[in-house]
Amino acid sequence: MFEDFYAQLEKLGIVPVVVLEKVEDAVPMAHALMRAGMASAEVTFRTACAAECIAAMRNAEPSMCVGAGTVLTCEQVDQAREAGAQFIVSPGYSNEVVEHCIELGLPVLPGCVTPSDITSAIEHGLHVTKFFPAAQYGGLATIKALAAPFVGHRFMPTGGVNTANVREYLSCPAIAACGGTWMVKPALFVDGDFSRVEDEARKAMEVVRDIRG
Ligand code: 3PG
């Protein structure tokens with residue numbers, strides 16, 4: 001289950017975690033990320049316009065892999081799916097959300113930081129989970145310790161991943177992709193100019209290419 005998505009995640013390497021306050025920012029954001037070769041976005045349901053932004057991004061950049069983040073309820077899964085979201089990310093582990101996504105055939109990356117969380121995910125047939133907040137839960141050292149017993153399970157760390165440590169994270173075979181906001185911080189496009197987003201995203205993708213070819 002979800003093997004195609006996991007392969008895509010591996011190729012993407014980095015998934016930007018996008019928090020958009022205005023739907024008008026969605027299309028220029030999508031274009032800037034695509035120009036930089038960063039062909040995905042996790043649009044978080046922390047803002048009211050998230051579903052509208054997902055729909056706008058999918059429409060503007062049909063080859064981009066656009067998902068929904070900060071998804072806490074089955075209702076949000078439905079909203080995200082209707083908007084065209086291709087994957088779901090949750091900060092924590094919810095059986096309801098995971099089972100709903102599986103029923104819909106929608107790839108889901110629940111947040112798992114403990115052996116028990118990971119066991120629940122594996123029992124549901126999931127082989128990649130989000131590790132959030134990565135820095136506070138011990139970062140790479142914890143991921144490596146968890147990867148030892150959960151052979152074959154992989155992680156998408158987010159929370160404290162940035163230009164200074166993304167290379168080290170991506171070098172670990174237990175990491176499918178990294179997530180983060182560093183290339184899409186609101187301060188980078190507050191004036192409506194997305195060239196700084198593009199520059200930061202391009203630099204991040206150079207790291208992915210260096211490590212994964
Ligand atoms: C997330 O939602 O995954 C995190 O807020 C991203 O964390 P960062 O801002 O430290 O990259």
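Biologist: How much space lies in the largest pocket?
Modeller: About 170 Å³. Keep in mind that this is a predicted model.

Biologist: Which residues are closest to the centre of that pocket?
Modeller: Thr158, Gly159, Gly160, Gly180 and Thr181, out of 13 residues that line the largest pocket.

Biologist: And by class, what does the lining have?
Modeller: Six polar residues, four nonpolar and three charged.

Biologist: Where does the ligand sit?
Modeller: In the largest pocket.

Biologist: Which residues surround the ligand?
Modeller: Val17, Arg46, Lys130, Phe132, Thr158, Gly159, Gly160, Gly180, Thr181 and Lys185. Sorted by class, that shell has five polar, three charged and two nonpolar residues.

Biologist: What does arginine 46 do there, in terms of distances?
Modeller: An N or O atom in the side chain of arginine 46 is 2.3 Å from an oxygen atom of the ligand.

Biologist: OK, and how far is lysine 130 from a ligand oxygen atom?
Modeller: For lysine 130, a polar side-chain atom lies 2.9 Å from an oxygen atom of the ligand.

Biologist: Then glycine 160: which part of that residue lies by a ligand oxygen?
Modeller: The backbone. One of the backbone N or O atoms of glycine 160 lies 2.8 Å from an oxygen atom of the ligand.

Biologist: How much of the ligand's accessible area does the protein cover?
Modeller: 82% of the 310 Å² that the ligand has on its own.

Biologist: Changing topic. Is the peptide bond from phenylalanine 132 to proline 133 cis or trans?
Modeller: That bond is cis, with omega near -10°. Phenylalanine 132 is also one of the residues around the ligand.

Biologist: Where is proline 133 in the fold?
Modeller: Proline 133 is in the loop between β6 (128–131) and α7 (139–147).

Biologist: What about phi of phenylalanine 2?
Modeller: Phi there is near 65°, a positive value in a residue other than glycine.

Biologist: And where is phenylalanine 2 placed?
Modeller: In the segment before α1 (3–12).

Terms used
Residues numbered from 1 in each chain as written. Predicted model: local features only at pLDDT ≥ 70, side-chain atom pairs only at ≥ 80, totals over all residues. Heavy atoms only, no water. Near = heavy atom within 4 Å. Polar contact = N/O pair within 3.5 Å; in protein donor to acceptor, adjacent residues only side chain to side chain. Areas by Shrake-Rupley, 256 points an atom, 1.4 Å probe, with all protein chains shown as cover. 1 Å grid on protein atoms, 1.4 Å probe; cavity = no way out; pocket = protein on both sides within 12 Å on 5 of 7 lines; lining within 4 Å. Sits in = over half its atoms within 2 Å of the grid points. Nonpolar A, V, L, I, M, F, W, Y, C, P; charged D, E, K, R; others polar. Points joined across faces, edges and corners; volume = space filled by probe spheres on them. Helix = DSSP H or I, 4+ residues; strand = E, 2+ residues; numbered from the N terminus.
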